[in-house]
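Visitor: Before we discuss individual features, may I see the model and hear how its terms are applied?

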Amino acid sequence: MKKIMVITVRLDTETGETIHALAQADDRSVAWVARTLITEALTARKLLPPRESNRHQAGKS
């Protein structure tokens with residue numbers, strides 16, 4: 001997936017710290033975690049089609 005759009009958001013301290021901690025724990029960037037969480041939420045609401053099963057959405061390879 002090509003990333004071509006930049007979105008800036010304001011988060012409360014607790015949410016920001018949680019995303020940052022998750023990124024550190026998974027050895028990922030904050031941007032990757034935020035993008036993944038947004039994509040998962042939109043897919044759950046059926047606003048995006050499900051991702052292909054052969055992609056590594058949640059884990060590294």
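Guide: Helices here are DSSP runs of at least four residues, numbered from the N terminus. The model is predicted. Lys46 is found in the segment after H2, the helix of residues 30-44.

Visitor: Why is Lys46 called exposed?

Guide: Exposed means over 50% relative accessible area. Lys46 has 73% relative accessibility, so Lys46 counts as exposed. Its phi is also positive, about 60°, although Lys46 is not a glycine.

Visitor: How do you know whether Asp27 is buried or exposed?

Guide: The cut-off for exposed is over 50%. Asp27 is at 60% relative accessibility and therefore counts as exposed.

Visitor: Why is Leu11 called partly exposed?

Guide: Partly exposed lies between the limits of under 20% for buried and over 50% for exposed. Leu11 has a relative accessible area of 48%, so the term partly exposed applies. Leu11 sits in the segment before helix H1 (13-25). Together with Ile4, Met5, Ile7 and Val9, Leu11 forms a nonpolar surface patch with about 600 Å² of accessible area in total.

Visitor: What makes H1 roughly perpendicular to H2?

Guide: The axes of H1 and H2 come within 8 Å and cross at roughly 110°. Angles of 65 to 115 degrees count as roughly perpendicular, so H1 is described in that way relative to H2. The crossing of these helices is right-handed.

Methods:
Residues are numbered from 1 along each chain as its sequence is written. This is a predicted model: local features need pLDDT of at least 70, side-chain atom pairs count only at pLDDT 80 or more; totals for chains, interfaces and linings use all residues. Side-chain values use heavy atoms; hydrogens and water are left out. Patches are made of residues with over 30% relative accessible area and no salt bridge: like charges are joined within 9 Å, nonpolar side chains (Val, Leu, Ile, Met, Phe, Trp, Tyr) within 5 Å. Accessible areas come from the Shrake-Rupley method with a 1.4 Å probe; for residues, only the protein chains shown count as cover. A salt bridge is a side-chain nitrogen of Lys or Arg within 4 Å of a carboxyl oxygen of Asp or Glu. Helices (H or I, at least four residues) and strands (E, at least two) are DSSP runs, numbered from the N terminus. Buried means under 20% relative accessible area, exposed over 50%, partly exposed in between (1.4 Å probe, protein chains only). Axes are lines fitted to C-alpha atoms, for helices over the stretch in contact, and angles run from 0 to 180 degrees between N-to-C directions. Angles under 35 degrees count as roughly parallel, over 145 as roughly antiparallel, 65 to 115 as roughly perpendicular and the rest as oblique. A crossing is left-handed if the near helix is turned anticlockwise from the far one by less than a right angle, and right-handed if clockwise.
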